[in-house]
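Subject: The two-chain model, with notes

Hi,

Here is the structure I promised to pass on to you. Please open it alongside this message, and my notes will follow below.

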Amino acid sequence: MNSKYDVLVIGGGNAALCAAISARRAGASVLVLEGAPKFYRGGNTRHTRNMRCAHDAATEILTGPYTEEEFWKDLLLVTGGQTDEELARFMIHESKDILNWIVEQGVRWQPSLGGTLSLGRTNSFFLGGGRAMLNALYLTAERLGVEIRYDAEVVDLRIEDGMFLSAELKQPIDGATEMRAAALVAAAGGFEANIEWLKEYWGEAADNFLIRGTPYNRGSILKMLLAKGVQEVGDPTQCHAVAIDARAPKFDGGIITRHDSVVFGIVVNKHAERFYDEGEDIWPKRYAIWGRLVAAQPDQIAHIIFDSTVVTSFMPTLFPPIAGATIAELAGKLELDPTALEKTITEFNAAVRPGTFDHTILDDCRTEGITPPKTHWARRIETPPYLAYPVRPGITFTYLGTRVNRQARMLMKDGKPSANMFAAGEIMAGNVLGRGYAAGIGMTIGSVFGRIAGREAAKNARN
Amino acid sequence: MQEADRLMTVCNSCRYCEGLCAVFPAMEMRRSFSDGDLNYLANLCHACGACYVDCQFSPPHEFNVNVPKTLAVARAESYAAYAWPRALSGMFARNGLVISLIAAFSMAAFILGFAAFNDPTLLFGVHTGPGAFYRLMPHNAMAALFGAAFLYAILALIMSVRAFWRDIGEPISGRADGGSIFQAIRDAGELRYLHGGGVGCYNEDDRPTDRRKLYHHLTFYGFLLCFAATSVATLYHYLLGREAPYAWWDLPVVLGSLGGIGLIVGPIGLLLAKAQRDPALLDDTSYGMDVGFIAMLFLTGVTGMALLVLRATPAMGPLLALHLGAVFALFITMPYGKFVHGIYRFAALVRYAQERRDGLNG
């Protein structure tokens, strides 16, 4: 039986579309199977807004150079060395050309958004955000003749000796539920929306996690590949999590549920006790630790508490802060013990040393004599109304993935490269991003390896 | 209004659409939104639809973010809210019906007037040469009637836009400066914000197109050319003593013909685009108002062109009555129909130019 398509792409986000376009441009016939309905197409790309690419000089939208070496140092820093240096340096090198290539695919850039000036030099922002970027990629793919199917869930993969044969579909396409192709690109994301899977590592606590992005990243393709002999990479027990508003929906709340206000107040758990230095480092570098910190607290809930003097210091929020004229009233609304919260705040206020407040640097406003300390930006909470945001862990993505080489070709458990299977995007991000996160790097991984995976898959299919 | 307020709060915590148009940067200059602010943002919106297509939270997402439609509703409400005199703000309810009734009545009145004052042989006679039109209606009567209608429209529009300007004026109340007005003229003249941030606006689906912009240009510049034709003819009449009708090569006719073509092709295109538009983007309650105004412009263009082509035939009399009726209705309904969108949007653009300048300087 002949394959109908040269390249089958499973997934529908940035990596999948870059792969599909690049394979099509290399002359292959391409079918994209997106498991989500059309509106929700594109996985977490819908929620992204920028991409981190190396460049040697300022551009119309980037304020200065960001060399390969500096990018590499940043990556080394955020991952704590949990990265594949050769692959990472290769990706960083390739990212330079992506800045132009992605524009050729119809995506438009703009300068960094208001409130994100710290990224103006390193990150290129998509005009209109991630969904605008996706829309452009889909239009280009369709124009080139890539076939795209939505609600196209893959329920099984036939793989023999590291060679992809066919995918089994839940719903038939053109009357067939078995889809053969000469090469496979897996770009179907991680498993962060699969609560049962998260529970394997986090236990019942995972029930209290909120998923920031698409509900469709259930990791089914990743699981199939790993079960059928593909080598895994990345720590399966880890995921990227930030503190997001506890009132956010279970899935897909996206960027607007985040809170940037930790440094302006204190954070207490359900016992109204502080549990970590809120002034440890500047946003966004420490932004990502609060998800795990809250996940480790009882019932996975915490509250950012501040007073009316700092309300305009951070971005406006989707959910308004919960307010109380007194600490006790606020505690009542948050279902905290009023006496305990009063005690925590009184002790905190007494420990605050005088200093000159400046939230853009590690200033000298700190506490003395309390544990944990607040080492920067510590100011008394004393001007009513008292305000609070309840927060929970918001899971962004998972690190477990399939190991690949520089061709984005999957490696099997025995170390041999697969005959015709490639991977791109979050499903293989763990190769370069073993832990941590740097803004926009997920999109870099998706576009760089997507483009390579598509090109290599096309080459593979046509041989 | 409540929904507009909710949406601006959602959008202000996201800001992905900041580069698409003027609405979002203007929104970011605020943390809360008074009714005046929302009316300002609503009139700043050109309904290009890009923020709907680009939004990760548009329906069916539970956040249900639909900025173009919500601002369209707020915009239509703002027209009624600022109408002068207040007693006539009700004309914006069922505006399509009101406009059609006034147009029909106006045209009927001119026909009847022509018939009553003129002998049938004169009405259906062939008239040529200078002063041909004025044999059916004396020039002074025409000038007085249309001058009065026009001046009333101007007065009502000025009073309305004053109320709007005051309401959106905080915190930079007061006069508009020349630089901001010039910037607004440029932005309005090229429809800078009917452009989806560069790719074109969205109409029936997620493929950007510049069709609406093109048809709007034809309509708007067609209207201006017709206005210029009338102005030149007025100058001819009073300064040079040259009476209409003029030869086909004369300036008023050339301007009027070009404008007339614009006023026929443009409105047809706009109506077709509206019929194809994704219903999700439309404020269906203002459908009558939109169509009413476009139809009025079309009627003005068609009757004017028909009059030009058939002016040396017996049809001239009735056509002149129809054309004058259409133009009269257009004038007197200007402050109470979709025409005001251009005025308020222009005022909003001036305000935006000022805010930008103040923001950059301050």
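Predicted model: local features only at pLDDT ≥ 70, side-chain atom pairs only at ≥ 80, totals over all residues.

Helix H6 (residues 95-117) of chain B and helix H12 (residues 287-309) of chain B have axes that come within 7 Å and cross at roughly 25°. Since angles under 35 degrees count as roughly parallel, H6(B) is roughly parallel to H12(B). On the H6(B) side, the residues that meet H12(B) are Asn95(B), Gly96(B), Leu97(B), Ile99(B), Ser100(B) and Ala103(B). Their partners in H12(B) are Gly288(B), Met289(B), Val291(B), Gly292(B), Phe293(B), Met296(B) and Leu299(B). By type, the residues of this contact are eight nonpolar and five polar, with no charged ones.

While you are in that part of chain B, have a look at Arg94(B), which sits in the loop between helix H5 (67-81) and H6 of chain B. Arg94(B) is not a glycine, yet its phi is positive, near 50°. It is partly exposed, with 14 other C-beta atoms within 10 Å. Elsewhere in chain B, the peptide bond between Ala244(B) and Pro245(B) is cis, with omega about -5°. Pro245(B) belongs to the loop between helix H10 (211-240) and helix H11 (251-276) of chain B.

Next, the interface. How many residues of chain A are in contact with chain B? There are 27 of them, and they touch 26 residues of chain B. Helix H4 (residues 130-144) of chain A supplies the largest share of the chain A side, five residues. That side divides into 11 nonpolar, 11 polar and five charged residues.

Within chain A, strand S7 (residues 154-160) and strand S8 (residues 163-173) run antiparallel and are joined by six bridges. The two strands form a hairpin with two residues between them. Asp161(A), in the turn, has a positive phi of about 50°, and Ile159(A) stands opposite Phe164(A) of S8(A).

Helix H8 (residues 327-334) of chain A is also worth a look. Which of its residues are buried? They are Ile327(A), Leu330(A), Ala331(A) and Leu334(A). Viewed down the axis of H8(A), these buried residues fall within an arc of 100°, so they line one face of the helix. The elements that cover them include strand S14 (302-307), strand S15 (322-324), helix H9 (338-351) and strand S16 (386-398) of chain A. Just after H8(A), Glu335(A) has a positive phi of about 60°.

The loop between H9 and S16 of chain A holds Pro372(A) and also Trp377(A). The peptide bond from Thr371(A) to Pro372(A) is cis, with omega near -10°. Trp377(A) has a positive phi of about 60° although it is not a glycine. Is Trp377(A) buried or exposed? With 24 other C-beta atoms within 10 Å, Trp377(A) is buried.

His271(A) counts as partly exposed because it has 13 C-beta neighbours inside 10 Å.

Happy browsing, and do write back with any questions.

Best wishes

Key: Residues numbered from 1 in each chain as written. Chains lettered and ligands numbered in written order. Axes fitted to C-alpha atoms, helices over the stretch in contact; angles between N-to-C directions. Helix = DSSP H or I, 4+ residues; strand = E, 2+ residues; numbered from the N terminus. Parallel < 35°, antiparallel > 145°, perpendicular 65-115°, else oblique. Contact = placed C-beta atoms within 7 Å. Nonpolar A, V, L, I, M, F, W, Y, C, P; charged D, E, K, R; others polar. Buried ≥ 20, exposed ≤ 12 C-beta atoms within 10 Å, placed from the backbone. Arc of directions from axis to C-beta. Pairing = 2+ DSSP bridges.
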